[in-house]
Amino acid sequence: MSHIDQQSQSLLYHNKEKTVVLIDIPRSIAEAQGTPDAPSTQSLYSSPPLEKPHQSIEPRSLKAMQEVRARLPSEDDSISSFPQELLAYALAEIKAEHNHGFCSERRMAPSKPTGKKRQRSSSGTSLAVETKEKPEPLETGDFKEKPEATKDTLLRSTVAQHVVKLRNPRILPISAAVDGYEVPQMLDVADQVISNPFTQPARLLVLDPARGYRIPPRSTFLLSKVGRREALLFGSAAYKLFPEPTMSAAPGQFDFILLDPPWDNKSVRRSKQYQTVRRVADDPIGILQDTLGKHLAPKGLVACWITNKRSTRNTALQLFESWHVVMLEAWAWLKTTVHGDPICAFDGIVRRPYETLLIGRQVDLAGDRSDDPALNELIKHRVMVGVPDLHSRKPCVKTLIEPMMKDSSNYRALEVFARNLTAGWWSWGDEVLQYNWEKYWTEGEPRNVT
């Protein structure tokens, strides 16, 4: 029997336990732009859904396979894998129980930005700002090795060489919901925490170049790189905007922290879409390890996207350990075609059709922990099946995470290395407004594909 979520239109199918989920990626992001009181009615421009799996790039001979393994660093010689039988079972269940398509109807963008100019903020943050457009189809999310349209990175910070000033957070006025909030240029909102505390979305209007950004209700963002000085700015703002404790969090703390680190890998280096951990002077993982521990609420939840390299899994688990977080669940985002076929083989050496989200909870640091459920539960596995979209655009997990919150209607959440904003959450990263540019959106909700 097909289960369709009555509250979330992005969940096209799920079983009763939600251990198997079919999620529509662009719709999940669009849905997270609104709230029950102010739901989003727009669709996110997307890439055409995949019709057939990728051509195999796996070595065909034993000798070629040995050569590939010889080039792998020793810590990555053994690829971190998700149980393949669970992936196969999830696909079989959806095909048996779900009678519709594997994604909703997608809206294709009529044009793409093509020109760039560099601007530098007073703090030394360098931003790539698009300045021209031409009517060419947006053809990015086919997951080619060198996607073209994702060169439209709107707001990317590079390593700052100057001191970031600890500016007070900027609170958007309520008039921003109707008239918009104007700034001369994007540099005026870089390296500063900006917050829309109201229940309606606001508009951020940049005058040069002229463009608008939609800021979801009760959302807060920091457009900056993840550096040590920026971490001080973030921490100061968190205490100023969260001065009072809640039932679950102390001042300046978050109940949920989501990380999507720019792990270094060959595909990312070829695409040149964003700086990876390997490229930056200061390791952002180390910075977050030193910074976010004190901003995680007692028994707070942490989720971290990893690649299929064993080294990234080990790094994520070391980060968990430093925050006294015990791993509870592992979710796989299984990428398929619109017909439900994996984009490549489950057991590939070069490429696998899934990415993994590790989820853990902080254990009780005081007293006897023998009754702490985080120490007594086996790791639970879930499979999210979804047709991939633009390069690096992942499914928004808000609707799946909220049932794990103590109070799903009143919690504090932070996403680091975000590429779009989420209603009610904080977002931090040097591409944090990328998909909130109004040019990426169109009116009207998509229909399910039958």
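Modeller: Let us begin with cavities. Rolling a probe the size of a water molecule over the atoms shows where empty space is left. On a 1 Å grid over the protein atoms alone, a cavity is a set of points where a 1.4 Å probe fits but cannot get out. Here six cavities of 30 Å³ or more are counted. The model is predicted: local features need pLDDT of at least 70, side-chain atom pairs count only at pLDDT 80 or more, and totals for chains, interfaces and linings use all residues. Residues are numbered from 1 along each chain as its sequence is written, and side-chain values use heavy atoms, with hydrogens and water left out.

Biologist: What is the volume of the second largest cavity, and which residues are closest to its centre?

Modeller: A volume is the space filled by probe spheres set on the grid points, which are joined across faces, edges and corners. For the second largest cavity it is about 210 Å³. Lining residues have an atom within 4 Å of a point; there are 18 of them, and D260, K394, P395, E415 and N420 are the closest to the centre. By class, the lining has 10 nonpolar, three polar and five charged residues (nonpolar: Ala, Val, Leu, Ile, Met, Phe, Trp, Tyr, Cys and Pro; charged: Asp, Glu, Lys and Arg; polar: the others, Gly among them).

Biologist: How many aromatic pairs are there?

Modeller: Rings of Phe, Tyr and Trp (its six-membered ring) pair if their centres lie within 6.5 Å; planes under 30 degrees apart count as stacked, over 60 as edge-to-face and the rest as tilted. The count is 11 aromatic pairs. One of them, F242 with W426, is tilted, at 5.5 Å centre to centre and 35 degrees between the planes. F242 is in the loop between α4 (228-241) and β15 (254-259), and W426, 184 residues apart from it, is in strand β21 (residues 426-429). Helices (H or I, at least four residues) and strands (E, at least two) are DSSP runs, numbered from the N terminus.

Biologist: Is F242 buried or exposed?

Modeller: Buried means under 20% relative accessible area, exposed over 50%, partly exposed in between (1.4 Å probe, protein chains only). F242 is buried, at 16%, and W426 is buried at 6%. F242 and W426 also belong to one aromatic cluster with F234, F254 and W428.

Biologist: Where does the charged end of R412 sit?

Modeller: A charge sits over a ring if NZ of Lys or CZ of Arg is within 6 Å of the ring centre and within 35 degrees of the ring normal. The charged end of R412 is over the ring of F242, 4.1 Å from its centre.

How values were computed
On a 1 Å grid over the protein atoms alone, a cavity is a set of points where a 1.4 Å probe fits but cannot get out, and a pocket is an open set with protein on both sides within 12 Å along at least five of seven lines; lining residues have an atom within 4 Å of a point.
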